[in-house]
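Dear colleague,

I am handing over the structure below, and my notes on what was found in it follow directly after. Please read them with the model open beside you.

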Amino acid sequence: MKPIPDISVVGTDTGVGKTVVSLLLMQRLYARGYHPFYLKPFQTGCATPYDADSDAAFVYRHTAPLSRKDPGQSVVYCLPNPKAPYFAARDAGMTIHLEKVLQAMETRRSTHSPLIVEAAGGLLVPITERHTVLDLLSQTNCRPLLVARAGLGTINHTLLSIEALIKRKISPLGVILAQSDDCTDPLHLVKENMEAIHMFSGIQVAGVVPMLADYSAPPDKAYQALEALEFSAP
């Protein structure tokens, strides 16, 4: 099998569809014979990794090879308040240590490949008093896959996120747009968004992930954007 680099699923904002894209990646990689690991270093808005709003629980529930495994293994910090990790940790009387996250990644690499690491919110969300999501990403070997909304407003958010990555000399794996329940924008507008992102950044938008009715068995079209990505080393 072709080696695939570890992937960090990052977003232009919170609630843009990172968890759904992470799920699709896990499903597709298992189907291809890989042994991936889903890692959510910072889960906020949940008391435990097993809560209804837990991203890890969602991914495990809808990924057949993980359905009987413990989603708690995929969460490094679980914080009750739905805030940026730094503030959620402060509310809980905890301190986030980046070394703990990096060590968790290294441990998982010894038994799995690739890692699918889902970030918290956007790139400049604070995770400690001095570090953002982007700072953590800079310390890993993960290729960032940028997930953005498909609808109105995504051009600005996506281009700013790409600019932040390029400034750190981090090459994005690609961009994927994700549709949501509140996305009512016509198809021509979504295509114009894709055109503008490529025109001003040089980064190709791999495609659009549609809204899904069945997360456990998505239709083939749900994976088309992932298939268009070039899974290669930078």
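**Pockets and sheet**

The lining of the largest pocket divides into 16 nonpolar, 10 polar and eight charged residues, where Ala, Val, Leu, Ile, Met, Phe, Trp, Tyr, Cys and Pro count as nonpolar, Asp, Glu, Lys and Arg as charged, and the others, Gly among them, as polar. This is a predicted model, in which local features need pLDDT of at least 70 and side-chain atom pairs count only at pLDDT 80 or more, while totals for chains, interfaces and linings use all residues. Residues are numbered from 1 along each chain as its sequence is written, and side-chain values use heavy atoms, with hydrogens and water left out.

A pocket here is an open set of points on a 1 Å grid over the protein atoms alone, where a 1.4 Å probe fits, with protein on both sides within 12 Å along at least five of seven lines; lining residues have an atom within 4 Å of a point. The largest pocket is lined by 34 residues, of which G15, V16, G17, T19 and D55 lie nearest its centre.

Strands β5 (residues 143-149) and β6 (residues 174-178) pair in the parallel sense over five bridges, and R149 stands opposite A178 in β6.

With best regards

Note on methods. Pairing = 2+ DSSP bridges. Helix = DSSP H or I, 4+ residues; strand = E, 2+ residues; numbered from the N terminus.
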